[in-house]
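Have the model open alongside and follow along.

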Amino acid sequence: MSSTSVRRHPVLKCFLFLLVAVLLFGMYAGWEARSFLNAAPETPGRNKMVEIEPGSTLAKVSRRLEEQGIITSAVRFELLARLTDQGRKLQAGQFLVNTGWGPRRVLDHLVSGRGMLHRVTVPEGLPWWEVGRLLEKEGVCRAADFDAVIHDAEFLRKYGIPFASAEGFLYPDTYLVPKPREMDRKAAQSFAGRMVDTFWRKTAGAWEGAGLGSRPEADELLRVLALASIVEKETGLPEERPRVAGVYHNRLRKGMALQADPTVIYGMGSDFAGPLLRRHLEDKKNPYNTYRIPGLPPGPICSPGLSAIEAALHPERHNYLYFVASGRDRGHVFSTTLAQHNRAVQAYRRALKEKGGA
C-alpha cells in the first residue's frame, strides 16, 4: 500500500497509531510489572512486623505495607493480589516479613496464615496465680481473666476437669502462640484451653502405663495430681522425685501427717511472701495445712510436670519417712527414723552457717 493510500484513509492511519500506542504501552506495562515483581524495597532487607486486623480490606492492607516500606507500590500490590485471585485470602494476625522480599513472597506469606508466633515458657511448679501473672507479663492475657476462666464451671466441664479449678492441669511447657489483638477473656480461654489440652496429651501415656486408662477416675486423678504437685515443689532433681514420692507414700500408709511446707504456703494464697513461721504450721483453718490435717491436701498446689506425675504414679519403694535439704547442693538427705532426721537437720543448719560465713 502506498503512502498516498494511507493519507487517503484517515481511519486506517488512526488504527495504526493506536496499535503502535497499545504495543508501546504494553511493553512499558510489562517492564513496570517485571520491575515491581523482581525488585525488593531494600537490599539487604530488614525484618518488620506487620499486623493485619480482622476484616481489613485489600486496599487497606496494601497501603499499610507501602507505608511500612515492605512493598514499593500499594496499587501494584493490590493489582497483583487480584490478578492471582488471592485478594480475599489474606489472613488476620501478626506477621514477620522482610523488606528484602519481593511482593509475591510477601503476598504468599500473608495468605499462608503463618503469623508471627511468640515463645511463652511456663515453668514447672507454678501455682495458677503465678501462671496468670506470667501470661499477663508476656502479653497473652490478663491475670484476672485467666483467674475467671480456670475457675469457670463451663470451661472445666468442656476440658474434662472434675474439680472446681484447673490447678494441676495447666501443663508447664513452652508454647508458640500469636499474641492476641486484645488481652480479653477470649484470649485467656484460648491459652488456658491449650494448656489443658497439652496436659491430657502429654500425660495420656503415664495414665495408661499405670493401668488407669487415658483419663483416670476423679478420686484417683485428684490423689495423683495432689501428690505430684507436692513432689514438684519439694525437689527440682528428676532423679529424686520417685524417692520423695515414696516418702509421702509411706507416711500416708502409716497414717502420719505429710508435714509438707509447700502445701501450707499454697493455702495462704497469692499474697504470702514468707517467711513460714511456726504459727502458720499450727493454723488449723488453713485447709492445705498438712501439719495439722492428715492426708493429702484438698487439691494440687501447682501444675506438675510429667516427671513428677510419673513419680507419683510409681513411687520408689523404701523405708524412708523423712528428708531434708543437704544444704551443700540441690539434693536431700533421707532418713528412716526421727533421730536420723534430726541429725540431718542439724547438718543442714551447719552447712548453711558455713555458707553464710564463707
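## What sits over helix 6

Strand 3 (118–121), helix 7 (143–150), helix 9 (185–209) and helix 12 (261–267) are among the elements that cover the buried residues of helix 6. Contact here means heavy atoms within 4.5 Å. Helices (H or I, at least four residues) and strands (E, at least two) are DSSP runs, numbered from the N terminus. Buried means under 20% relative accessible area, with exposed being over 50% and partly exposed in between (1.4 Å probe, protein chains only).

So who's tucked away? In helix 6 (residues 128–137), the buried set is Trp128, Trp129, Val131, Gly132, Leu134 and Leu135. After the helix comes Gly139, with a positive phi near 75 degrees.

## Ground rules

This is a predicted model, so local features need pLDDT of at least 70 and side-chain atom pairs count only at pLDDT 80 or more, while totals for chains, interfaces and linings use all residues. Residues are numbered from 1 along each chain as its sequence is written, and side-chain values use heavy atoms, leaving out hydrogens and water.

## Helix 3 and its buried face

Helix 3 (residues 58–67) buries Leu58, Val61, Ser62 and Leu65. Looking down the axis of helix 3, these buried residues fall within an arc of 100 degrees, so they line one face of the helix. The arc is taken from the directions from the helix axis to the C-beta atoms.

The cover over those residues includes strand 1 (47–52), helix 4 (74–83) and helix 5 (103–112). Helix 3 is followed by Gly69, and its phi is positive, near 75 degrees.

## Helix 11 against helix 14

Helix 11 (residues 241–254) packs on helix 14 (residues 306–313) at an angle of about 45 degrees, their axes 8 Å apart. Axes are lines fitted to C-alpha atoms, for helices over the stretch in contact, and angles run from 0 to 180 degrees between N-to-C directions. The two helices are therefore oblique to each other; angles under 35 degrees count as roughly parallel, over 145 as roughly antiparallel, 65 to 115 as roughly perpendicular and the rest as oblique.

Helix 11 brings Arg241, Pro242 and Ala245 to the contact, and helix 14 brings Ser307, Ala308, Ala311 and Ala312.

## A glycine in the loop

Gly125 lies in the loop between strand 3 and helix 6. Its relative accessibility is 6%, so Gly125 counts as buried. Setting aside neighbours within four places in sequence, Gly125 touches Glu232, Lys233, Cys302 and Ser303.
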